[in-house]
Amino acid sequence: MHRKGTILFLPLAIGLLSCTGNNYHKGLKDYYATYFSMGVAITPQSLHTDEATLVASEFNSLTAENAMKMGPIHPTENDYFWKDADSIVAFAQRAKMNVRGHTLCWHNQAPGWLFVNVDGSTVSKEVLLQRLKEHITSVVSRYQGKIYAWDVVNEAISDREDDFYRDSPWYQICGEEYIAKAFEYAHAADPQALLFYNDYNEINPVKRKKIIQLVQQLQAAGVPIHGIGLQGHWSVFEPTYQQLDSTLSDFSKLNIPLQITELDVSIYPKEHARREATPTDGEAGFTPELKLKQDEAYKTYFKLFRKYKHVITSVTFWNISDRRSWLDNFPVRNRKDFPLLFDSNLKPKSAYIEVTNF
Ligand code: GLA
């Protein structure tokens, strides 16, 4: 009797021990367990460094920063490069984490061969859609059952107030039709996968309206679209509480899942186009004032994410720590930024406390 009890309670005892002992670490994913999943964009190289431990203890969802984009994964027409994407998916499976696929159709980091014939002339719409279909079918099928959600089309809406669609090679060759087609191809390849439209600068009311209109048009046409990805490359200066509240409120009215897909909070005012450094760029660095501003911004953003937990199903950070962020080179080359919750030594910053203290 006694023995049976011991055996029965052994797993519980081990669980308790690991919860109360020194080894237990409560990560972002645990603080937010009843809200939404917490993800991070990574490179396969980071999984061979001390960052891997941090990733597995803080997050429960992974996105490939680059490894699943069209160019890196499909560099020439007849060759796929699976190694990097495979290793990220394998890590996620071992660590029992979700994977968000990113991204099946985008104008940036697309391989040059996609848009041209062997003689260098521009391909026809039929050829481009056929290539898109082949690409999406191969990538989505390979990870069927292992990637639960895909950013299908990335950034198809224009930032220019007078234009609706972005004037990309996709649009120039196919017109708007490539968007619906991309979703259809992805759905055919994995009917279980959740399919997202993903874009940035969604806090801008004009662009937001266009994104919402696009999603409504796709829904009305019966296109399999299941959610909206709000990239969330923000700054300590914007969005304000009001701006983000109205952004999330507008999107929530669509009644489909929202995911914050690429969160970082730059210490610089937001700019969306690449430019050269000016003599004063980055001079002040990460001052105590900016630290406080960043704490405040992160606190506000997560307060609002929690308010909209009925529609937000995931929040993903774009990069792991201030050791390296794409913002160190964008929009200004070689201007160090400090946009994340962990510092260069992988220690939680004060903004981490703001995010987890609620
Ligand atoms: C966009 C893309 C991401 C990434 C960032 C910058 O937001 O969706 O994949 O390239 O730009 O790193």
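Predicted model: local features only at pLDDT ≥ 70, side-chain atom pairs only at ≥ 80, totals over all residues.
Residues are numbered from 1 along each chain as its sequence is written, and side-chain values use heavy atoms, with hydrogens and water left out. Local features need pLDDT of at least 70 and side-chain atom pairs count only at pLDDT 80 or more, whereas totals for chains, interfaces and linings use all residues.

A search of the whole structure finds 21 salt bridges, each defined as a side-chain nitrogen of Lys or Arg within 4 Å of a carboxyl oxygen of Asp or Glu. One of them joins R323 to D50, with the closest N and O atoms 3.0 Å apart. This pair links distant parts of the chain, 273 residues apart: R323 lies in the loop between β9 (312–317) and α12 (350–356), and D50 in the loop between β1 (37–42) and α3 (51–58). Helices (H or I, at least four residues) and strands (E, at least two) are DSSP runs, numbered from the N terminus.

For accessibility, buried means under 20% relative accessible area, exposed over 50%, and partly exposed in between (1.4 Å probe, protein chains only). R323, at 35%, is partly exposed, and D50, at 45%, is partly exposed too.

K253 bridges to D250 at 3.7 Å between the closest N and O atoms; here K253 is exposed at 60%, while D250 is partly exposed at 28%. D328 and K336 meet at 3.1 Å, N to O. In that pair D328 is buried at 13%, whereas K336 is partly exposed at 30%.
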